[in-house]
Amino acid sequence: MTPATPPPESAPLRSDAERNRGRIIAAARTVFEREGLGASMASVAREAGVGIATVFRHFRIKEDLVAAVFADRMDAYVDAVNEALDAADPWEGFSGFIEAICAMQAADRGFADVLTMTFPTAQAMEERRSEAYQGFLRLIARAKDDGRLRADFTSQDLVVLLVANAGVVNFAADAAPDTWRRFVALMIQAFQAPAHGPLPDPPKDDALYEAMLRTSAAGLTTPPRGT
């Protein structure tokens, strides 16, 4: 007895599903770049030309979609750290990294939001974030050892900078798109040694993490599927 032949439509269905997934990711990238992560899943569905049920069939929660959309951006984030660590001049590596990631935020409103949030269920994304963070700690140490970075600069200052730059990017938008450049230049100058006066204590790591979680929860809130 010969095995039953699979229905001829089974392969096209898998192909259609793959195409729909790719269409949804591309649409989400466009929507998130335009509107930030506050954009709804319904907006993504409209941009992709599919039903909202199709979006949720591929991405159970919005966090899953965000992780798929920004996987390559997180890779670029890690690459920027590694490139900065390869710089012969520690200060040029440090300041160049700051400029590079702030430019990435300015180029993509969605990614500007991603860098100020945390996504506990998106393991691969958070692993890449942790890898970039460990690299940044080495950048800090190199620049301090070189005497160019103020001694009281901390890793928490990067988080605060990214949150502030995301605000500048979202505020200025297309009306004054290069505003972030002046802001970042001012911040880099403020980070240089010698320091001109002491700073208040930085926020605690757990407090910043809680703030990032709250921001994630607010940004990823999705209307009911019927909307």
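1. Start with A28 and what touches it. Neighbours within four places in sequence aside, A28 is in contact with V44, L65 and V69, where contact means heavy atoms within 4.5 Å. A28 sits in helix α1 (residues 10-35); helices here are DSSP runs of H or I with at least four residues, strands are E runs of at least two, and both are numbered from the N terminus. With a relative accessibility of 0%, A28 counts as buried (buried is under 20% relative accessible area, exposed over 50%, partly exposed in between, using a 1.4 Å probe and protein chains only). A28 and A45, 17 residues apart in sequence, have their C-alpha atoms 8.3 Å apart.

2. A word on provenance. The model is predicted, with local features needing pLDDT of at least 70 and side-chain atom pairs counted only at pLDDT 80 or more, while totals for chains, interfaces and linings use all residues. Residues are numbered from 1 along each chain as its sequence is written, and side-chain values use heavy atoms, leaving out hydrogens and water.

3. Now confidence: pLDDT is the predictor's confidence in each residue, from 0 to 100. The protein chain averages 87, and 89% of the residues score at least 70. Over residues 7-13 the pLDDT is below 50, and that stretch has zero contacts in the model beyond near neighbours in sequence. Residues 222-227 also stay under 50, though the model has eight contacts for them beyond four places in sequence. Where pLDDT is low, the predicted coordinates should not be read in detail.

4. The overall picture is helical: the protein chain has eleven helices and zero strands. Of its 227 residues, 41% count as buried. Take the contacts between residues at least 6 apart in sequence: 74% of these join residues at least 24 apart.

5. Next, helix α5 (residues 71-85) against helix α8 (residues 123-145). Their axes come within 9 Å and cross at roughly 20° (axes are lines fitted to C-alpha atoms, for helices over the stretch in contact, and angles run from 0 to 180 degrees between N-to-C directions). That makes α5 roughly parallel to α8; the label covers angles under 35 degrees, with over 145 roughly antiparallel, 65 to 115 roughly perpendicular and the rest oblique. The crossing of α5 and α8 is left-handed, meaning the near helix is turned anticlockwise from the far one by less than a right angle, with clockwise being right-handed. Residues making the contact include M74, Y77 and V81 of α5 and R128, A132 and F136 of α8. The residues of this α5 and α8 contact divide into ten nonpolar, one polar and six charged (nonpolar: Ala, Val, Leu, Ile, Met, Phe, Trp, Tyr, Cys and Pro; charged: Asp, Glu, Lys and Arg; polar: the others, Gly among them).

6. Then the other pair, helix α9 (residues 155-172) and helix α10 (residues 179-191). They pack at an angle of about 160°, axes 9 Å apart, which makes α9 roughly antiparallel to α10. This crossing is right-handed. L161, A164, N165, V168, V169 and A172 in α9 meet T179, W180, F183, V184, M187 and F191 in α10. These divide into ten nonpolar, two polar and no charged residues.

7. Finally, two backbone spots to check. A173, in the loop between α9 and α10, has phi near 45°, a positive value in a residue other than glycine. A173 is partly exposed, at 34% relative accessible area. A cis peptide bond joins A193 and P194, with omega about 5°; P194 is in the loop between α10 and α11 (205-219). Most residues other than glycine have a negative phi, and most peptide bonds are trans.
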